Amino acid sequence: MINGNERNYKRWTVKDDNFLMERYYSERLVDLARHLGCSRSTITHHARRLGLWKGNTAERNRDAIALVEMEHDNLTYKELAQQTGMTVKTVCRYARMRGLRRSNEQWRANLSRKRKELYDRERARITFGLEQRTKLKVFSNPKRSRLRAKLRQFGYRVSEEDPNVLYYPDSQCRRLIREQHGMAMGLRFEPLPTPMTESTDFAESC
């Protein structure tokens, strides 16, 4: 039978030491204690054993806080956390402490930028033949886009007016099987126009 005065003490591990060294300066004691399943006094004891001191938080993190203040309107909290080495929760707390607020336009601008970056990454993955990491529909026809990118590597040139038109120079070693596949997907192949050839030759000679 367990005595009511007895307590279940946490067995401290090296993993806990590593976690404490990583988070001690940016997290509150109550949050650290909750995560590790112990009391705040236990956190303080092991922090002292490891040579960790809270000290002057504002002084220690002045560069990180300055970055938060400077880029608050331009970066998401996740991006600020990555650049400062703090957690998203800590960045939010510092922003609130300094009265930083974003307008609706700034929120929308950040979301739009992040979405565009995500689209660009997904488009690049498809172009290089990799699987998407999200379910975003970034191309109406991913196979056609991959084939078009591959043909460009072979020397074909995409029309500026119509991305489904590809030109081949007279000296081009044509990939007829790939062209057939492309035509089945709506691509057209035409000889390289003379003005385009001349401008390209001039650019290469400069």
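Buried, in these notes, means under 20% relative accessible area, exposed means over 50%, and partly exposed is in between (1.4 Å probe, protein chains only). By that cut-off, buried residues make up 31% of the 206 residues in the protein chain.

**Ground rules.** I am working on a predicted model, where local features need pLDDT of at least 70, side-chain atom pairs count only at pLDDT 80 or more, and totals for chains, interfaces and linings use all residues. Residues are numbered from 1 along each chain as its sequence is written, and side-chain values use heavy atoms, with hydrogens and water left out.

**Overall layout.** I took helices (H or I, at least four residues) and strands (E, at least two) as DSSP runs, numbered from the N terminus. The protein chain has eleven helices and three strands. Along the sequence I read the pattern α-α-α-α-α-α-α-α-α-β-β-α-β-α. Next I looked up contacts, meaning heavy atoms within 4.5 Å. Among contacts between residues at least 6 apart in sequence, 43% join residues at least 24 apart.

**α2 against α3.** Two packed helices are described by the angle between their axes and the distance between the axes. I used axes that are lines fitted to C-alpha atoms, for helices over the stretch in contact, with angles from 0 to 180 degrees between N-to-C directions. Helix α2 (residues 29-36) and helix α3 (residues 40-49) have axes that come within 8 Å and cross at roughly 100 degrees. From α2, the contact uses Leu29, Val30, Leu32, Ala33 and Leu36. From α3, Arg40, Ile43 and Thr44 take part. I sorted these residues by class: six are nonpolar, one is polar and one is charged. For the classes, Ala, Val, Leu, Ile, Met, Phe, Trp, Tyr, Cys and Pro count as nonpolar, Asp, Glu, Lys and Arg as charged, and the others, Gly among them, as polar.

**Faces of α3.** Which residues of α3 are buried? I found Ile43, His46 and Ala47. They cover an arc of only 105 degrees around the axis, which puts them on the same side of α3. The arc is that of the directions from the helix axis to the C-beta atoms. The buried residues of α3 pack against α1 (14-23) and α2. Ser41 and His45 are exposed, on the face turned away from the buried side of α3. Just after α3, I noted a positive phi of about 80 degrees at Gly51.

**Trp53.** Is Trp53 buried or exposed? Its relative accessibility is 53%, so Trp53 counts as exposed. I placed Trp53 in the loop between α3 and α4 (57-60). Trp53 and Tyr25 are 28 residues apart in sequence, and 8.0 Å apart in space, C-alpha to C-alpha.

**Faces of α5.** An α-helix has 3.6 residues a turn, so residues three or four places apart point the same way. In helix α5 (residues 62-71), I listed Ala64, Ile65, Leu67 and Val68 as buried. Seen down the axis of α5, these fall within an arc of 155 degrees, so they line one face of the helix. Asp63 and Met70 are exposed on the other side of α5.

**α6 against α7.** I ran the axis check on helix α6 (residues 77-84) and helix α7 (residues 88-97). Their axes come within 8 Å and cross at roughly 105 degrees. That makes α6 roughly perpendicular to α7. Tyr77, Lys78, Leu80, Ala81 and Thr84 in α6 meet Val88, Val91, Cys92 and Ala95 in α7. By class I got seven nonpolar residues, one polar and one charged.

**Two residues in α8.** Asn110 sits in helix α8 (residues 104-127). Asn110 is buried, at a relative accessible area of 5%. What does Asn110 contact, leaving aside its neighbours within four places in sequence? I found Asp73, Asn74, Leu75, Thr76 and Arg102. The backbone oxygen of Asp73 lies 3.5 Å from a polar atom of the Asn110 side chain. Glu122 also lies in helix α8. Glu122 is buried, with a relative accessible area of 2%. Between Glu122 and Thr134, twelve residues apart in sequence, the C-alpha to C-alpha distance is 7.7 Å.

**Gly186.** Gly186 counts as partly exposed, at 40% relative accessibility. Gly186 and Asn164 are 22 residues apart in sequence and 6.9 Å apart in space, C-alpha to C-alpha.

Terms used. Parallel < 35°, antiparallel > 145°, perpendicular 65-115°, else oblique. Polar contact = N/O pair within 3.5 Å; in protein donor to acceptor, adjacent residues only side chain to side chain.
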